[in-house]
Amino acid sequence: MKKTTIIALVACGCLLAAGAPAQAAPKDPVRALKSKLASGHGVRFTETTTLSGGGKKKIQSRKGTFQFDAKGVAASDITATSPTRPRERTISVGKVSYTSGGMWEGRFPEGKTWLKGNAILGGGSGFYGQVINPAEPKTLAALVKKGRLRGSSLTGKITFKELEKVSRWFDASIPLRMHNDTKVSYTLTLTSAGLVSRVKSSYAATGVFDTNQHEGKTIVIDSRFTGWGAKVSIKAPDPGKVTTDIGD
């Protein structure tokens, strides 16, 4: 090959390299989240929970919606399905939650289908649900501070106790737990806009269920988030269908 041809090819390659746009790093996740926090807007999610250790076993799947206010999550509507219990739906508005089905199936007074209580945000399914809520600014800030960002993935570890301090979602979803020093390993996947599209977390099952059947097993939760900032509307159930009493 002639010397002039080689020079021309090298020059052409340099021009192409210079013209190729560099892949943009994700924007600040907390700032990106706060830009979406507005009343009447929210985000949707789907998730799967498995128990690993001696094989993998699917525990439950959930889908739901979070509705925002200026500070974070103002309301939620979550439906859970499980191979071992009836379908459950929990609506939380402010500090009040309403649960239908699940462990309460068949125990409602006649004409009632919802149990009213303090805001256990995830209902009974919260004990196997995602412990990390990326729609909470304080939670997300703690994860960013403790984690390491590589490309579009943020990975790290945080204890139950540390989550309790920053996350209303965690404290209300798992109000009873055996070991506050349990470590949650997490991986958050970010879009180029800095919004969380996926949360995968795992922790020792004995952190919540300190029994022999959970010894040596790990709870793994994989959640996907879509429609950040979409218009959503979550309302409490018909008062005529709500009760605070439940049968044995």
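# Exercises on a predicted model

About 400 Å³ of space lies in the largest pocket. This is a predicted model, in which local features need pLDDT of at least 70 and side-chain atom pairs count only at pLDDT 80 or more, while totals for chains, interfaces and linings use all residues. Residues are numbered from 1 along each chain as its sequence is written, and side-chain values use heavy atoms, with hydrogens and water left out.

## Exercise 1: the pocket

Task: describe the lining of the largest pocket, by residue and by element.

Step 1. Start with the terms. On a 1 Å grid over the protein atoms alone, a pocket is an open set of points where a 1.4 Å probe fits, with protein on both sides within 12 Å along at least five of seven lines; lining residues have an atom within 4 Å of a point. Points are joined across faces, edges and corners, and the volume is the space filled by probe spheres set on them.

Step 2. Now the residues. The lining has 17 of them, and Lys71, Gly72, Val73, Glu136 and Arg168 lie nearest the centre of the pocket.

Step 3. Next, the elements (DSSP runs numbered from the N terminus: helices are H or I of at least four residues, strands E of at least two). Strand E3 (73–81), helix H3 (137–146), H4 and H5 each give at least two residues to this lining. H4 supplies the largest share, three residues.

Step 4. The lining divides into six nonpolar, four polar and seven charged residues. Here Ala, Val, Leu, Ile, Met, Phe, Trp, Tyr, Cys and Pro count as nonpolar, Asp, Glu, Lys and Arg as charged, and the others, Gly among them, as polar.

## Exercise 2: aromatic pairs

Task: classify the ring pairs Phe68–Trp228 and Phe160–Phe170.

Step 1. Take the rule first: rings of Phe, Tyr and Trp (its six-membered ring) pair if their centres lie within 6.5 Å, and planes under 30 degrees apart count as stacked, over 60 as edge-to-face and the rest as tilted. The count by this rule is seven aromatic pairs.

Step 2. For Phe68 and Trp228, the ring centres are 6.1 Å apart and the planes stand at 25°, so this pair is stacked. Phe68 belongs to strand E2 (residues 56–68) and Trp228 to strand E11 (residues 218–231), so the contact ties together parts 160 residues apart in sequence. Phe68 and Trp228 are both buried (under 20% relative accessible area; exposed is over 50% and partly exposed in between, with a 1.4 Å probe and protein chains only).

Step 3. For Phe160 and Phe170, the centres are 5.2 Å apart and the planes are at 50°, so the pair is tilted. Phe160 is in helix H4 (residues 160–166) and Phe170 in helix H5 (residues 168–173), 10 residues apart. Phe160 is buried at 0% relative accessibility, and Phe170 is buried with a relative accessible area of 0%.

Step 4. Look for a cluster: ring pairs link Phe45, Phe66, Phe68, Trp169, Phe225 and Trp228.

## Exercise 3: salt bridges

Step 1. The structure holds six salt bridges, each a side-chain nitrogen of Lys or Arg within 4 Å of a carboxyl oxygen of Asp or Glu.

Step 2. Glu47 sits in strand E1 (residues 41–52) and Arg62 in E2, so the bridge ties together parts 15 residues apart in sequence. Glu47 is buried at 4% relative accessibility, as is Arg62 with a relative accessible area of 3%.

Step 3. Arg89 is in strand E4 (residues 88–93) and Asp77 in E3, 12 residues apart. Arg89 is partly exposed at 33%, whereas Asp77 is buried at 18%.

Step 4. Being three residues apart in H4, Lys161 and Glu164 are separated by about one helical turn. Lys161 is partly exposed at 39%, and Glu164 is partly exposed at 26%.

## Exercise 4: strand E9

Task: find the two faces and the neighbours of strand E9.

Step 1. Strands pair if DSSP finds at least two bridges between them. Strand E8 (residues 153–159) pairs with E9 in the antiparallel sense over seven bridges, with Lys157 opposite Ser185.

Step 2. Strand E10 (residues 196–204) also pairs with E9 in the antiparallel sense, over six bridges; Lys200 is the bridge partner of Thr187.
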